[in-house]
Structure formats: structure tokens, C-alpha cells
Amino acid sequence: MLERHTACSPMDGTVKWTHLKGHEIARLLGHEGIEVSVTVVEQLLKKHNFPKPKAVKTLATGETEHRNQQFEAIDQL
């Protein structure tokens, strides 16, 4: 069921994630006749190496010499 809702890290194929939340997975399983609690879904995700996404806040580390040229090149592409 998660196959089309799963992505892997391009840097490490063992790291995978899904954009579905536990309650969404439980609901989808319910539609298939499998009644399961959100807690069990979250435990299974953890067991099968689907980590919870973490909020990441990054700050700009400084100016890049050719930043505007980079954006212009992207715009042309």
C-alpha cells in the first residue's frame, strides 16, 4: 500500500519516508478491511525504518559570488 507513497534518499537507499501520516495509513488500511490503530501503524513505520520527518531550519551561510548568474542560468533553462 505504501509503495506509491514512498520515497528514498538519493544519498542513502536505506533511508526512506512516506508523506502519509499514521492516521491516513490506518484509514487506508481500514478501506482494505484491515483494522489497525494509529499507534500500531506508527510502531510498524518505526520498525521498518520509516523515520518521522523532522523540521529543519537552516540559515543562509553567506553571500555567493555568482549567485545572480546562477539564477539567471536556471531561468534560461
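**Overall form**

The model is a predicted one. The protein chain contains three helices and two strands. Their order along the sequence is β-β-α-α-α.

The C-alpha trace spans about 55 × 25 × 20 Å along the principal axes of the protein chain. The radius of gyration of the protein chain is 19 Å, whereas a compact globule of 77 residues would have one near 11 Å. Buried residues account for 16% of the 77 residues. Among contacts in the protein chain with a separation of 6 or more, 30% join residues 24 or more positions apart.

The protein chain exposes about 7,100 Å², and 55% of this area comes from carbon and sulfur atoms. The side chains include 10 positive and 10 negative ones, and the centres of these two sets are 11 Å apart.

**Helix α1**

Helix α1 covers residues 22-31, and its buried residues are G22, I25, A26 and L29. Why do these buried residues line one face of the helix? Viewed down the axis of α1, they fall within an arc of 100°, so they line one face.

Which elements do the buried residues of α1 pack against? Their partners are β2, at residues 16-18, and α2, at residues 38-47. Just after α1, G33 adopts a positive phi of about 85°.

**The loop between α2 and α3**

Two residues of this loop deserve attention. K52 lies in the loop between α2 and α3, the latter being residues 67-76. N49 is found in the loop between α2 and α3 as well. The table gives their relative accessibilities.

| Residue | Relative accessible area |
|---|---|
| K52 | 63% |
| N49 | 51% |

Are these residues buried or exposed? A residue counts as exposed when its relative accessible area is over 50%. K52, at 63%, is therefore exposed, and N49, at 51%, is exposed too.

The backbone of N49 has a phi near 60°, a positive value in a residue other than glycine. By comparison, most residues other than glycine have a negative phi.

K52 can also be related to a residue elsewhere in the sequence. K52 and W17 are 35 residues apart in sequence, and their C-alpha atoms are 7.8 Å apart in space.

Key:
Residues are numbered from 1 along each chain as its sequence is written. This is a predicted model: local features need pLDDT of at least 70, side-chain atom pairs count only at pLDDT 80 or more; totals for chains, interfaces and linings use all residues. Side-chain values use heavy atoms; hydrogens and water are left out. Buried means under 20% relative accessible area, exposed over 50%, partly exposed in between (1.4 Å probe, protein chains only). Helices (H or I, at least four residues) and strands (E, at least two) are DSSP runs, numbered from the N terminus. The arc is that of the directions from the helix axis to the C-beta atoms. Contact means heavy atoms within 4.5 Å. The radius of gyration is taken over C-alpha atoms; the globule rule is 2.2 Å times the number of residues to the power 0.38. Accessible areas come from the Shrake-Rupley method with a 1.4 Å probe; for residues, only the protein chains shown count as cover. Lys and Arg count as positive and Asp and Glu as negative; His and the chain ends are not counted. The place of a charge is taken as NZ of Lys, CZ of Arg, CG of Asp or CD of Glu.
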